[in-house]
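Please consult the sequence and the structure shown here while reading.

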Amino acid sequence: PGLLPALAAAPGMAPLRRSLRLTTDAVAARLLPVLGTPFSDAGQPILGTNLRTGATAYLSVWTRSNHNALLVGSSGAGKSTAAKTLLARHCMAGATAVVLDPDSEYEPLITLLGGSYVDLADTSINPLAVGRDLPVDEAAEVVVTVLSILGGDTVAYVGGRPVRRLPGEDKAWLHGQVASFLTAHGAGDAEPLLGDLVDGLRTSLGEDASLSDLERGRYRRIALRLSGYTKGSLGRIFNRPSRLRIDGKAPVGIGFRSLSLRYAADLTPALAVVLAHVLGVLNRPHRPLIVLVDEAHVLTADPDAGQVLEQLVRRARKSGAGVWMASQRIEEFVSTDLGRTLASTAATKLVLGHEETVAAQVRELFDLAEDEATALTPPVAGRGVLIAGSERTVVQVTPSPVLWPWVRSDPEALEASVA
């Protein structure tokens, strides 16, 4: 029964007398139902071209089992351009976004999409504001997660940044103190500041006769570490009412290149505060929300920030949001437990070109077929393997001519376009 439709669709055969490359994917899917066409729903955002069929490729993360996505590719493979293109087309289709931008390159695109962009080095991010919309006990839990990074003991260094931890008994004490402090500062009051909490901790230590000398000395050191974030340039970031506004309605870009250059050792606490702010958005009504973490290896390789990122990924699925992680350092991303977990749980994956040195590792992780692996080495800008559930194909990500200047990684192209 399928012989005549197959002959009709074959190149040069009646009635079409044209190749499948000139036949729409809808016609091909009907004539050859056994083959079908992956990523062919024209009601979804355009991604580019399906290189196996020549048809247009469409992709929406909202139709997948979860809305998380992973985009990986070596330098020059077009990772940033692909991430920006996919983000722009989802936002144009009604989604909103929060972008964590380590290279501070998303500002033009976020502005184009009608959003706002902040530079962390010039923005106050009050750690006590992260739980303002939660019940006191839950708010204290979120705040203590951040404060344990600010006031914890340095147990190791990763990438030149300290890894800080508070033991469980210290976190339990701090949780009680924060809960009491937040209760005293009701939801309708002015935003409490870190300096106010430090003053409260010192007062409590002086009045609590139940503490041993060892405990009192230990807790004073925690208060002293926290006080370091209330003074000078760090005080302008951590000890003022938060200017970071993420409401889940308009796109927000957060650049932290300047902060990384100025305060490398304090980048992790800042990222933890920002991720906690994003977690707060998930507890409120919001539009379909995408949290894009560019250069995700910066977070997955950092035990402290990665811990908050893992919480964000888990909670995103329950709240109808999607966490997208993009990285050009594939070997670093997949070498951590968190990176491998994120790679395996993301429902949508776009694997772009990479160098031969990591080809075997990437092929095994993403279970690439022979032709898929061949398509990715050597890298060709924008060409990758798209995997979403049972659908997979080789694609070429193609921004429109109008969008192209805004998604390119080189700033000179955008400056020339605007001029």
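What percentage of the 419 residues in the protein do buried residues make up? Buried residues account for 53% of the 419 residues, where buried means under 20% relative accessible area, exposed means over 50%, and partly exposed lies in between (1.4 Å probe, protein chains only). The model is a predicted one, in which local features need a pLDDT of at least 70, side-chain atom pairs count only at pLDDT 80 or more, and totals for chains, interfaces and linings use all residues. Residues are numbered from 1 along each chain as its sequence is written, and side-chain values use heavy atoms, with hydrogens and water left out.

**Overall organisation**

The protein has 19 helices and 13 strands; helices (H or I, at least four residues) and strands (E, at least two) are DSSP runs, numbered from the N terminus. Of the contacts in the protein with a separation of 6 or more, 71% are accounted for by residues 24 or more positions apart, a contact being heavy atoms within 4.5 Å. The accessible surface comes to about 18200 Å², and 54% of this surface belongs to carbon and sulfur atoms; accessible areas come from the Shrake-Rupley method with a 1.4 Å probe, and for residues only the protein chains shown count as cover.

The average pLDDT of the protein is 83, and 85% of the residues score at least 70; pLDDT is the predictor's confidence in each residue, from 0 to 100. Over residues 15-21 the pLDDT is below 50, and this stretch has 16 contacts in the model beyond near neighbours in sequence. Over residues 29-35 the pLDDT is also below 50, with 5 contacts beyond near neighbours in sequence.

The structure holds 1 cavity of 30 Å³ or more. On a 1 Å grid over the protein atoms alone, a cavity is a set of points where a 1.4 Å probe fits but cannot get out, and lining residues have an atom within 4 Å of a point. Grid points are joined across faces, edges and corners, and a volume is the space filled by probe spheres set on the points. The largest cavity has a volume of about 40 Å³. Its lining consists of Leu 47, Leu 59, Ala 69, Leu 70, Leu 71, Leu 86, Thr 348, Leu 350 and Leu 386. Strand 3 (69-72) and strand 11 (348-352) are the elements that give two or more residues to this lining, and strand 3 provides the largest share, 3 residues.

By type, the lining divides into 8 nonpolar residues, 1 polar and no charged. Here Ala, Val, Leu, Ile, Met, Phe, Trp, Tyr, Cys and Pro count as nonpolar, Asp, Glu, Lys and Arg as charged, and the others, Gly among them, as polar.

Thr 348 is placed in strand 11 and is buried, with a relative accessible area of 3%. Not counting residues up to four places away in sequence, Thr 348 touches Leu 59, Val 61, Arg 64, Asn 68, Ala 69, Leu 70, Leu 386, Ile 387 and Ala 388.

**Residues in loops**

The table gives the accessibility of four of them.

| Residue | Relative accessible area | Class |
|---|---|---|
| Ser 104 | 28% | partly exposed |
| Glu 295 | 7% | buried |
| Trp 62 | 25% | partly exposed |
| Arg 284 | 28% | partly exposed |

Ser 104, in the loop between strand 4 (96-101) and helix 4 (107-112), has a positive phi near 50 degrees without being a glycine. Glu 295 is likewise not a glycine and has a positive phi of about 50 degrees; Glu 295 is found in the loop between strand 9 (289-293) and helix 12 (297-300).

A cis peptide bond joins Thr 377 and Pro 378, with omega about -5 degrees. Pro 378 is in the loop between helix 17 (370-376) and strand 12 (383-388).

Trp 62 lies in the loop between strand 2 (56-58) and strand 3. Beyond residues up to four places away in sequence, Trp 62 touches residues including His 67, His 90, Pro 288 and Gly 320. Trp 62 and Gln 44 are 18 residues apart in sequence and 9.4 Å apart in space, C-alpha to C-alpha.

Arg 284 is placed in the loop between helix 11 (267-282) and strand 9. Leaving aside neighbours within four places in sequence, Arg 284 is in contact with Asp 133, Ile 246 and Asp 247. From C-alpha to C-alpha, Arg 284 and Asp 247 are 8.4 Å apart in space, and they are 37 residues apart in sequence.

Note on methods: On a 1 Å grid over the protein atoms alone, a cavity is a set of points where a 1.4 Å probe fits but cannot get out, and a pocket is an open set with protein on both sides within 12 Å along at least five of seven lines; lining residues have an atom within 4 Å of a point.
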